[in-house]
Amino acid sequence: MAPTSGETKAAPKRIGTGSGNNTYKDKQKPSDIRQSNIVAAKAIADAIRTSLGPRGMDKMIQDGKGEVTITNDGATILKQMNVIHPAAKMLVELSKAQDIEAGDGTTSVVVLAGSLLEAAEKLMAKGLHPSAIADGFRAAARKATEILRNELAIPLNIEDRSVVTKCAATSLNSKVVSQQSSLLAPIAVNAVYQVSNFKDRNSCDLRDIKVVTVLGGTVEDTEMIEGLLLTQKVCAGPKKMEKAKIALIQFCISPPKTDMDMNVIVSDYAQMDRVLREERNYILNIVKQIKASGCNVILIQKSILRDAVSDLALHFLEKLKILTVRDVEREEIEFVCKTLNCRPIASLDHFTAENLSTADLVEEINCSGSRLVKVTGITNPGRTVSIMVRGSNKLVLNEAERSLHDALCVVRCLVKERAVIAGGGAPEIALSIKLNQYGSGLKGVDSYCFRSFAEALEVIPLTLAENSGMSAINTVTELRKLHAEGQKSAGLNVKKGAIANIMDDNVIQPLLVTLSVINLATETVASILKIDDIVNSVR
């Protein structure tokens, strides 16, 4: 039945009266979009909030193929999470940005962003404009950075390995492999020190540290190798070569192919013999030139055009006692060249003694059934290092690799920004109190924004307390009291389950990690607040 005139819905109000201006104005839409974005982003933050800290819980992630990952690393969880909402994807990108910038704090940055969005939501409910809130939060972040640098940071002598090792151990305390932090932290410190030039703060490149995972053994068997470790195995020649002269070649030791697809028809045995003889002479000529240069170890780059080395070539190389390793990946070439201090050889014409590298020993080692090639005693080695990570199963092995990466990043942060601060939620509480005091002296919107920002920072110690089974409200209240009395290093010692002087308990973290967490979280929240509509593109 058609609706009566009394039941007819009221049409939206039109702007303008002309037929050319029939647009509609929906004042509620921007508010709904913002609310949707905030809810989606907060859902992501809440999902990984329980993973924060040494007592944080782990997540089991199963992909479409049935592969399982167990981790509490924020960046790894979010990277593998199936996220659809565009605002939620911004928090995934935020975690990735923190991982690139500092390596540690990937969970903290998302949790803080969620808390800041909740604070912004309350401010918008009071009638504050989103742009004003975004500007206020940015001003608060600048003030927080100033306080961290001038009042809370402790300058670090980069030569003092003990303090750097404590920072690396702190980053490992929240990982699955926290029991092995006393082994992994010194390895991370030694590796970064070996590849860094302390005169240049940006000299540390983690690509100069090669991490090789080997299934078998335990995490305690992890070791740093001063030399080169290749996951390929020896395919011809002796398994061990002393006083090695090494060549990295980028050409194939196999019969050449035509530039285009074509068939060669051989009609009789004489022609076949001639083809085989020419192939044999071609390969033999290459192998003889290699031997004549004094080379006794060759590393062959993987080829996509044809076989990098043929069976006949392997036979000749075996006869001439040349240790051969094939299928070196294209991505590894730069690292191998830097380690051996040599240049890749692209053709036989360049196969000369000056393009070879020398080493005391090249040998194939057996690790729990995996065969690896190890090069030690390199003459004039480059600033690189290899780390062999061991684990009893794939899940532990992968988590050990991720944890070691975080520890390496923490040490790199200290090379870039040579200052440390207390951990355990201490800097967040100190910042919260100081920003609150500063905000009380301001007028207008900024006063509200500063106080809301200060309150949002308390989410870190609050979450640490919750995850460790302590009373969250009582703990944060007690921390506020201690910091108000001037105890800047008072924080949560989660392992003891009590408030303690964090610096005395060696819970230390790089200044760069906290600076990055605050600035990146603020920038992302400001971006989300500025969005008032979602438009689908044509493509």
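Analyst: Here is a walk through the salt bridges, pair by pair.

This is a predicted model, where local features need pLDDT of at least 70, side-chain atom pairs count only at pLDDT 80 or more, and totals for chains, interfaces and linings use all residues. Residues are numbered from 1 along each chain as its sequence is written, and side-chain values use heavy atoms, with hydrogens and water left out.

The structure holds 20 salt bridges (a side-chain nitrogen of Lys or Arg within 4 Å of a carboxyl oxygen of Asp or Glu).

Take D406 and K175. Their closest N and O atoms are 2.8 Å apart. D406 lies in helix 11 (residues 394-416), while K175 sits in the loop between helix 6 (161-172) and helix 7 (181-195), so the pair ties together parts that are 231 residues apart in sequence. Helices (H or I, at least four residues) and strands (E, at least two) are DSSP runs, numbered from the N terminus. Both D406 and K175 are buried. Buried means under 20% relative accessible area, exposed over 50%, and partly exposed in between (1.4 Å probe, protein chains only). D73 joins K175 and D406 in a network of salt bridges.

Next come D208 and K338, with closest N and O atoms 3.0 Å apart. D208 is in the loop between helix 7 and strand 4 (209-215), and K338 is in helix 10 (residues 333-340), so this bridge ties together parts 130 residues apart in sequence. D208 is buried at 8% relative accessibility. K338 is partly exposed, at 38%.

Last, D135 meets R138 in a salt bridge (3.7 Å, N to O). The two are three residues apart in helix 5 (residues 130-152), so about one helical turn separates them. D135 is partly exposed at 44%. R138 is partly exposed at 23%.
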